[in-house]
Amino acid sequence: MALLEVHDLHKDFGGLKANEDISFSLEDGELVGLIGPNGAGKTTLFNCIAGLHPVTSGQIIFNGHNITKFNAHEVARLGLARTFQVYVATGDLTVLENVMVGCFMRTRSRSRAKSRAEQILKDFKLHNLSDYLLSELTVAAQKRVTMAAAVGTDPKMLLLDEVAGGLNPNEIEAIMATIRHIHHDLEITVMLIEHVMELVMKVSDRVIVLDSGRKISEGDPNTIARDTNVIKAYLGERYVREHAAELT
Amino acid sequence: MEALKNAFDFSDFPRIDLTIAALAALFLLTFPVFPHSSFAMATMIQFLMFSLYGMGWNTIGGYGGQVDLGKAQYVGIGAFTTSVMLIRWNVPFWVSMPMGMFFAVIWSFIIGYPLFRLKGHYFAIATIATSLVLKDIFEVWNFVGAARGLEISPIKFKPPDFLHLIFREDIYYYYVILGFFFLGIMYVNWFRRSRLGFQLRSIKDNEDIARSLGINVHWAKIKTYAIATAFVSLVGSFHACYIKNIEPEDTMSLDISILIALMAMLGGAGSLWGPIIGASILIPLKSYLKEWLGAQAGLVGIDLIIYGAIIMLVSAVEPRGIWGIVEKVRRRKRR
């Protein structure tokens with residue numbers, strides 16, 4: 001049985017059709033990449049699945065529950081966690097406390113939340129940063145902390161929104177190791193939005209491509225890289241016409 | 001059990017804080033023994049009352065970041081419940097005080113539910129409005145004495161009456177409110193490290209992220225608003241027995257609401273000691289401004305000007321108040 005199923009999802013913002021007729025499903029244990037040019041509707045799709053936006057029409061089934069009309073916190077409690085692309089860290093929560101907030105979803109006990117958060121930080125190799133404020137960290141470290149907080153909610157599935165955006169190659173290595181740890185060691189199903197292609201292509205079992213709100217392609221990374229529709233979306237129609245010979 | 005342990009656990013504060021806190025507690029416990037004027041005693045009782053108001057405000061306003069400028073309505077509910085029950089039915093304070101809390105919390109749910117759909121300034125303005133409307137209702141409601149208010153006549157009682165909290169000497173009131181003060185600190189110390197406390201701090205940071213971490217943001221705010229309300233209503237009940245003469249115009253005025261918020265904002269919103277620090281500065285200042293500058297020099301209203309200046313100063317220099325500055329300096333030293 002599929003862990004996540006999305007059927008004919010539509011999302012309009014007034015006249016703008018941000019998501020149109022999107023359907024796909026994820027098996028338990030998969031790691032799926034979601035790519036597409038800017039404005040393709042990737043983050044909107046995440047927001048719809050995670051319950052932050054009400055969907056216009058369509059259905060979302062997670063782990064056998066119809067979550068189409070669920071609020072964000074209800075979706076999270078069912079075991080579908082997410083991270084955010086832009087994180088503005090202004091608060092006075094330390095790294096440890098941020099992860100504890102996630103852990104508190106499954107327990108009322110402070111000591112249990114704390115010991116679990118410490119364990120997660122150790123697994124994420126962030127334990128030497130536990131007493132820092134988020135605003136004192138690099139963007140890369142901040143993103144790994146938000147991933148750790150999401151893992152604190154003990155999810156079955158994690159939606160990662162651009163965790164490698166704007167990072168240098170070393171930091172991308174570290175993020176990639178973290179993603180592998182989440183997927184492989186913690187056995188969490190992962191769906192990630194990413195613009196850093198080397199990361200998506202390396203870690204994903206399967207890639208879904210969106211363009212202008214529609215799903216234009218889906219398949220394993222190698223097939224996707226050679227798909228003319230995908231190349232057209234990224235590089236334009238003219239490029240495909242001029243390089244027709246090389247592409248086939 | 002764990003909750004009780006956490007309430008007494010101050011181990012995350014540096015030793016210097018705890019030393020200062022212990023000395024302050026010792027001073028508060030022994031203050032009435034030293035020779036003092038009745039003015040000083042009245043100021044100390046005010047200080048303890050406003051510390052408690054501030055602690056209550058701090059749960060929703062400080063840890064949760066929801067600026068609430070309507071706390072006076074709950075002072076009124078507490079004060080009038082206790083007064084009405086005492087005057088009409090001779091109900092002891094220890095019964096009427098929880099009843100007042102109960103009514104206040106019910107009222108806080110009724111207005112909190114729609115109000116927390118609003119954010120930021122809109123929320124603050126809406127709290128002011130509800131508070132003023134309730135004040136106006138009380139001013140025309142004969143059952144609670146309307147605009148004349150209610151007067152508790154001490155003649156009926158034989159002070160010191162611990163059951164009804166009617167005393168002739170202020171020292172009794174002092175120790176009663178001091179007891180509540182210590183309980184309040186314990187409660188907030190538990191709260192700030194509880195699940196709800198963490199949820200509130202996460203909400204203050206970023207509501208979307210809080211939601212995605214499984215927090216029911218709306219409900220967490222309403223719950224905490226009720227906690228803040230319970231604090232304020234308790235002190236309101238005490239206020240009724242202490243002052244013995246309450247009118248909506250005094251107990252439920254906008255000044256009170258703003259002063260309550262100011263305690264925590266000046267001292268440090270979202271910190272345990274903040275409201276106490278704020279009250280220790282503002283209450284003597286308030287007494288001085290009202291009694292001396294206001295009455296004698298004829299500068300009526302100067303206190304309001306100074307409160308306004310403090311609000312502007314805090315929000316411009318350090319939104320987290322005096323305690324925010326202390327923490328900033330400490331952080332810099334550690335690195």
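Reader: How many residues of chain A are in contact with residues of chain B?

Author: In this predicted model, 26 residues of chain A are in contact with 21 residues of chain B. The elements α2 (72-77), β6 (80-82), α3 (95-103) and α4 of chain A each contribute at least two residues to the side that touches chain B. That side of chain A comprises 13 nonpolar, 7 polar and 6 charged residues.

Reader: Why is A:Glu162 called buried?

Author: A residue is buried if 20 or more other C-beta atoms lie within 10 Å of its own. A:Glu162 has 20 C-beta neighbours inside 10 Å, and therefore counts as buried. A:Glu162 belongs to the loop between β7 (157-161) and α6 (169-185) of chain A, and its phi is positive, near 45°.

Reader: What makes A:Lys125 partly exposed?

Author: The class of partly exposed residues lies between the cut-offs of 12 or fewer neighbours for exposed and 20 or more for buried. A:Lys125 has 13 C-beta neighbours inside 10 Å, so A:Lys125 counts as partly exposed. A:Lys125 is placed in the loop between α4 (110-123) and α5 (139-152) of chain A. Although not a glycine, A:Lys125 has a positive phi of about 55°.

Reader: Which residues touch the most other members of the largest nonpolar core?

Author: They are A:Val99, A:Ala148 and B:Met263, in a core of 155 residues. Helix α10 (residues 217-243) of chain B gives the largest share of this core, 13 residues. Leaving aside residues up to four places away in sequence, B:Met263 touches B:Phe50, B:Tyr53, B:Gly54, B:Pro275, B:Gly278, B:Ala279 and B:Leu282.

Terms used
Residues are numbered from 1 along each chain as its sequence is written. Chains are lettered from A and ligands numbered from 1 in the order in which they are written. This is a predicted model: local features need pLDDT of at least 70, side-chain atom pairs count only at pLDDT 80 or more; totals for chains, interfaces and linings use all residues. Helices (H or I, at least four residues) and strands (E, at least two) are DSSP runs, numbered from the N terminus. Two residues are in contact if their C-beta atoms, placed from the backbone, lie within 7 Å. Ala, Val, Leu, Ile, Met, Phe, Trp, Tyr, Cys and Pro count as nonpolar, Asp, Glu, Lys and Arg as charged, and the others, Gly among them, as polar. A nonpolar core is a set of buried Ala, Val, Leu, Ile, Met, Phe, Trp, Tyr and Cys residues joined through C-beta atoms within 7 Å.
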